[in-house]
Structure formats: structure tokens, C-alpha cells
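I opened this entry to keep track of what I look up, one topic at a time. The structure goes in first and my notes follow.

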Amino acid sequence: MAGGLIGICALLVGLGSLICFIIVLIKLFQDEGALKGILGLICGLYTFVWGWMNANRLGIRNIMLIWTLLLIIQLVLNFAFGVALIPGYPPRPSPITP
Amino acid sequence: MPRAMFPQHMFPPISPALRDRKFTFVLVGATGLHVALVSLSLPSWECPFFRLTGIPCPGCGLSRAMMLLLKGDLSGSFRFHAFAPIFLLAIITLILSVLLPKSIIQPAISRAERIERQTGLTVLILAGLIFYWLARLLFLQAAFVQLIRG
């Protein structure tokens, strides 16, 4: 049950992150041209940094805030539940043999 | 003066970015942090497209490929992404543009911009990257996806 809920949460966070990425990518294409747009498509991190550097000028500050929040949630989910998914975690105590 | 190879609206993306030291500094910092986290197998930036669709984007695998290249594993690097050397060179260029004084870097940036405009080098590299991605998707999709998924 908990696993399913976390999965749905991760899916929603991923979807939100993708939507924010596409919005900022469109702005990048419109503002900087095709080449930088393709570069932004290849390297999402470039799009993210560009978005923040131009957030106030383009009026996308709220989008960038939402995207950053979603990324943080994604990192927390990966860290918390990614660790829990490691085989053998938590380690079982070894049996006592006579 | 020779005419630019491509229309004026297709501004070269790399050399003008080198003039914006603030942007370059932030980009280099973010990239360095990302590569460091990946090398330590810690959660880091994930491709939003791949995360939702399960389909790798043209840049998927570049971070791990560059990390392997820095470790000297050429075959491993090539397996993840063949364009890693080019992107690593670009990142080194970005780092130098931030660290070196303006008096040294400005003439180099002007020369780089001229080369970009006259040869269309960046366009060729980006086009090659897209074709490389499409070829991997069309002919090696299962292996490609499995490699990126890890």
C-alpha cells in the first residue's frame, strides 16, 4: 500500500517536473533560438540553470520555484526509498551457529 | 569578410555563453556538483524525460560517460555515450573561461565565435548527436534503455 502511494507520488512529481522542463524549454527556444533550444533539450541541467538566470526577465520565476521544489522532492524520494530498495537492506543479523 | 555559414538567427550557442561569466560560473558549478554526486552514486539531477517516459533523451548517459572518461575508462565511456569527449572539452573550456582573466579569454572567445559562425561546427555536432540518439533508439533500443536505467 505504502509502496503504491510512493510510486504514485513519484509519478506525479516526475510529470510535474517534465511539464516545467517543457515550459522553460519552449521559452529557451523562443528567446535564444533553435541551437540553444536543442542544447537545452540535450542537457536539461542547462535549461534549468538558464531558466533561473532569466527567471525575472521572462516572468517564469514561479515555474522555476515549482520545478526546483519538485526536484528536491524527487531527490528526497530517491535517497530515502532508493536506499530502502537496496537488496539486503537493512542487514539481517547473522544466525548463531553452535 | 566571409559570410556566415548559417542564418543570423541561428546564433552560435557556445561562444556567446562564454562571454557571460556569471551564467558560465553557475553552469559549471551545477555540472560539477552533478558529476560529483553521480561519481559517489548519490541521487542527483535526473532527466525529466527519461524519468517519466522511460525513453532516454539525446543527453542521457553523458554524465556517466564523462566520469568514466575522467577515470581513464575509454571503452566504458564510449559505451555510455560516444560524444562524451566533446562535451568534456566544452566543460573544460567553460571552466577556463571563468578562471582565466578577461584579457586572455576574450580574444579566444572571439576566435571561437568566428569559427562557429563560419564552419557551423556546433550545428554539425548537435545534428550528429541527434542522429546518434535516433540510431541508438531505432536499432539498439532495449540495450540503450537498459544501459541508462542501470
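**Entry 1: a tyrosine in chain A**

I then looked up the helix around A:Y46, which is α3(A), residues 44-53. Seven of the ten residues of α3(A) are buried, so I noted this helix as largely enclosed by the rest of the structure. The buried ones are A:G44, A:Y46, A:T47, A:F48, A:V49, A:W50 and A:G51.

**Entry 2: the nonpolar core**

Which residues touch the most other members of the largest nonpolar core? I listed A:I38, A:L39, A:I42, A:Y46, B:A65, B:M66 and B:A84. The core has 36 residues. Helix α1 of chain A, residues 2-32, supplies the largest share of this core, with six residues.

**Entry 3: chain A as a whole**

I counted five helices and zero strands in chain A. Of the 98 residues in chain A, 29% are buried. I also looked at contacts with a separation of 6 or more in chain A, and 53% of them join residues 24 or more positions apart.

**Entry 4: chain B as a whole**

Chain B has nine helices and zero strands. Its C-alpha trace spans about 50 × 30 × 30 Å along the principal axes. I noted 150 residues in chain B, with 27% of them buried. For contacts in chain B with a separation of 6 or more, residues 24 or more positions apart account for 61%.

**Entry 5: where the chains meet**

Next I looked up the contact between the chains. I found 24 residues of chain B in contact with 24 residues of chain A. On the chain B side, α2 (21-39), α3 (48-53) and α8 (121-139) each supply at least two residues. Which of the helices gives the most to this side? I found that α2(B) does, with six residues. By class, the residues on the chain B side are 17 nonpolar, five polar and two charged.

**Entry 6: two packed helices in chain B**

Two packed helices are described by the angle between their axes and the distance between the axes. I looked up both values for α4(B), residues 62-70, and α6(B), residues 84-99. Their axes come within 9 Å and cross at roughly 80 degrees. I therefore wrote down α4(B) and α6(B) as roughly perpendicular to each other. From α4(B), the residues B:L62, B:A65, B:M66 and B:L69 meet B:A84, B:P85, B:F87 and B:L88 of α6(B). This contact has eight nonpolar, no polar and no charged residues. I had already met B:A65, B:M66 and B:A84 in the list for the nonpolar core.

Is B:R117 buried or exposed? I noted B:R117 as buried, because 20 other C-beta atoms lie within 10 Å. B:R117 is found in α7(B), residues 102-119. In sequence, B:R117 and B:S15 are 102 residues apart, while C-alpha to C-alpha they are 9.9 Å apart in space.

I then turned to α9(B), residues 141-149, which is hardly covered. The count of buried residues among its nine residues is zero. After α9(B) comes B:G150, with a positive phi near 90 degrees.

**Entry 7: confidence**

I left the predictor's own scores until the end. The complex has an ipTM of 0.77 and a pTM of 0.79.

For chain A, the mean pLDDT is 82, and 80% of its residues reach 70 or more. Within chain A, confidence is lowest in α5(A), residues 61-84, at a mean of 85, and highest in α4(A), residues 55-58, at 94. Over residues 83-92 of chain A the pLDDT is below 50, and this stretch has two contacts beyond near neighbours in sequence.

For chain B, the mean pLDDT is 84, and 91% of its residues reach 70 or more. Over residues 1-6 of chain B the pLDDT stays under 50, and the model has nine contacts for them beyond four places in sequence.

Where pLDDT is low, the predicted coordinates should not be read in detail.

Terms used:
Residues numbered from 1 in each chain as written. Chains lettered and ligands numbered in written order. Predicted model: local features only at pLDDT ≥ 70, side-chain atom pairs only at ≥ 80, totals over all residues. Contact = placed C-beta atoms within 7 Å. Helix = DSSP H or I, 4+ residues; strand = E, 2+ residues; numbered from the N terminus. Nonpolar A, V, L, I, M, F, W, Y, C, P; charged D, E, K, R; others polar. Axes fitted to C-alpha atoms, helices over the stretch in contact; angles between N-to-C directions. Parallel < 35°, antiparallel > 145°, perpendicular 65-115°, else oblique. Buried ≥ 20, exposed ≤ 12 C-beta atoms within 10 Å, placed from the backbone. Core = buried A, V, L, I, M, F, W, Y, C linked by C-beta atoms within 7 Å. pLDDT = per-residue confidence, 0-100.
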